[in-house]
Each structure stands twice: as C-alpha cells, then as structure tokens.
Amino acid sequence: MVTMKGLYFQQSSTSEEITFVFQERENLPVTKDNYVKLKVKACALSPINTKLLAEMKMEKDFFPVGREVAGIVLEVGSKVSFFQPDDEVVGILPLDSEDPGLCEVVRVHEHYLVHKPEKVTWTEAAGTVRDGVRAYTALHYLSHLSPGKSVLIMDGASALGTIAIQLAHHRGAKVISTACSLEDKQCLERFRPSIARVIDVSNVKTHVAESCLEETGGLGVDIVLDAGVRLYTKDDEPAEKLQLLPHKHDIITLLGVGGHWVTTEENLQLDPPDSHCLFLKGATVAFLNDEVWNLSNVQQGKYLSTYLKRRDGEVINWCF
C-alpha cells in the first residue's frame with residue numbers, strides 16, 4: 001500500500017495553541033461518481049478559522065491544512081462531466097474535506113474545481129482563487145457593480161483589495177482606495193489604469209468621508225467595500241481596532257443615495273439613527289463572509305463551478 005504525507009493541525013484543549021503535524025495517509029481509494037483525483041502542483045495557505053469550525057460543529061482531533069489548490073487531474077469518476085485526465089485545474093477544497101491541500105494527491109468533488117487558464121501559473125492560480133471569489137462576490141453579487149459607478153475599496157493594497165480594484169476597473173468603475181502606509185500609497189498610485197484617489201489613512205489629518213465627498217462632488221460613493229470598521233468611541237473600542245479603521249458613521253456619511261455597503265465586519269451593530277440614515281438614503285448593507293461558499297455544500301459546488309467557468313478571463317486579470 002502506497003502512503004503519502006499530509007499536513008494537519010491539532011488544536012489544544014484550551015483552543016489557544018495550534019500544533020501542525022505531518023501524518024501518513026494511505027493511498028486514496030478508487031475514484032468514482034463525481035470525484036476527481038488531483039495531483040497537487042501548488043497550494044495556498046490561508047488562515048484557519050477555528051471559531052467558524054466550532055460554530056459549524058466541525059471540530060476534529062486533526063484538521064487538514066491547505067484548501068486552495070492547483071494541479072493536474074489524474075483520474076475521474078464515472079459521472080464526472082467537466083474534466084478529463086491531464087486537465088489543469090484550480091479550486092477550493094470544502095471545509096469538510098478529509099484531504100489536506102498540502103499533500104501530493106487529493107480526492108475532491110468536481111464541483112469544487114475549474115479549469116486553470118493557460119497563462120496563469122500554478123502558484124498564481126492557487127494564490128488568487130480565494131480572494132478572487134471574495135472580490136467578485138462583493139462587487140457582482142452583493143453590490144451589482146456597473147460602468148460609471150464610484151467604488152471605495154478600503155485597504156486597497158491587501159490581497160482582496162488589489163483584486164477588487166482590478167475587477168472594478170474591468171467593469172468601468174471609478175475607484176477610490178485607502179492606504180494604510182506610505183508604502184501602500186505608493187503601490188496603489190502605480191496602478192494602471194490609475195485610481196481616482198488614494199487616501200492615506202495613516203495621516204491623522206486625512207478624513208476618509210471628507211475625501212470621498214470631495215472626489216464625488218458631494219454625492220457620495222455608490223459602493224463601499226470595507227476591511228473592518230470601528231463601532232464605538234475610542235474609549236470603548238478594542239485597541240486592535242483603533243488603528244486606521246474608519247468609524248461606521250464615516251461609512252454611512254460617505255455613502256451616496258441608493259448606495260451599497262459591503263462589510264467584512266461580522267459583528268456590525270447599527271443603532272436606530274444609523275438605520276434611519278441608511279433608510280433615507282435608500283442604501284443597503286451586505287455582509288461578505290470569507291467562507292460564504294461553504295455555508296451549504298450543495299450551493300458551494302454550483303456557485304464556484306458556475307461562476308468561475310464563466311469568468312476565466314477575469315481569473316487572468318487577478319494574476320497580472
């Protein structure tokens with residue numbers, strides 16, 4: 001029996017420490033039905049959300065590491081319709097996957113994979129697919145981005161922000177972005193096509209809401225994609241949120257009539273005056289969950305395969 005090594009993490013009983021271990025795995029069973037056997041060429045390492053795993057009752061003694069994978073199809077099951085052996089593919093393993101992406105070979109349902117564009121390298125494909133799906137979800141499904149719209153993308157030099165800026169430019173939107181340091185500001189100013197305005201939030205004299213209203217002639221932006229927000233005053237806010245994050249009132253102020261606010265803040269709290277202001281503007285608030293495609297295994301497969309098979313051109317845009 002051929003064995004392979006895979007990387008797993010073991011969470012301690014106190015849930016404060018995580019230990020990573022290599023475990024030997026027996027050779028995968030015969031591929032059948034809608035499953036694909038994949039030789040892994042590259043795997044991205046994303047943070048492990050232990051809190052989400054606990055909420056979804058998916059705690060295990062050992063949990064596989066690495067979920068964004070790119071590789072070559074070795075075998076396909078009898079019901080596989082999208083792939084053939086030797087196809088180059090990329091995808092995201094589901095939360096309940098028994099196989100770690102950091103392994104030589106994995107077994108995965110075909111709905112979690114898509115064809116890799118030829119011009120994209122293995123590492124680029126594995127490294128961009130997660131944030132690419134998140135950015136596309138935020139701009140296409142949650143805020144209905146269209147040409148001519150103005151978009152504020154917070155922390156534009158981050159992985160999510162960089163991809164979101166490219167997708168917004170691809171759709172013909174006017175992009176405003178924030179930078180958390182001088183280096184980030186210089187990076188964003190080199191973008192082509194150029195960003196309408198880069199707001200350096202590390203400068204204490206810079207006010208995000210005022211800058212956005214000035215750039216839009218006082219109308220406000222149509223879409224906001226935040227990277228977290230402050231909910232309380234400085235005295236009540238945790239120390240880690242005091243730096244560089246805008247207050248929720250700033251976001252509401254700079255949002256235009258009929259605007260869309262897409263937030264990554266899972267514990268967003270809106271007081272009645274906040275809700276009333278959004279009501280008067282006819283604005284909406286949507287939540288961008290990092291694991292949105294994992295909330296339902298059935299929907300996950302349909303969502304990822306349907307979306308990415310139609311958007312191969314934008315996968316290339318994400319990588320360059």
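Predicted model: local features only at pLDDT ≥ 70, side-chain atom pairs only at ≥ 80, totals over all residues.

Stop 1: Colour the strands. You're looking for an open sheet of five strands, in the order S7-S3-S5-S6-S8, with antiparallel pairing. Select residues 105-109 for strand S7 and 113-115 for strand S8: these are the edge strands, and each pairs on one side only.

Next, zoom in on strand S5 (residues 68-76) and strand S6 (residues 88-92), which run antiparallel and are joined by five bridges. Pick Ile72 and find its bridge partner in S6, Glu88. Strands of a sheet pair through backbone hydrogen bonds.

**Stop 2: the ring pairs.** How many aromatic pairs are there to find? The count comes to two. Show the side chains of Phe82 and Phe83: their rings sit edge-to-face, 6.3 Å centre to centre, with 70° between the planes. Phe82 is partly exposed because its relative accessibility is 34%, while Phe83, at 3%, counts as buried.

Then hop to Tyr136 and Tyr141, an edge-to-face pair with 5.9 Å between centres and 75° between the planes. Tyr136 has 3% relative accessibility, so it counts as buried. Tyr141 is partly exposed, at 34%.

**Stop 3: charges over rings.** Select Arg107 and Tyr35: Arg107 lies over the face of Tyr35, 4.2 Å from the ring centre. Finish with Lys116, which lies over the face of Trp122 at 4.7 Å from the ring centre.

Definitions and conventions: Residues numbered from 1 in each chain as written. Heavy atoms only, no water. Phe/Tyr/Trp six-rings, centres within 6.5 Å; stacked < 30°, edge-to-face > 60°. Buried < 20%, exposed > 50% of the residue type's maximum accessible area, 1.4 Å probe, protein only. Lys NZ or Arg CZ within 6 Å of the ring centre and 35° of its normal. Pairing = 2+ DSSP bridges. Helix = DSSP H or I, 4+ residues; strand = E, 2+ residues; numbered from the N terminus.
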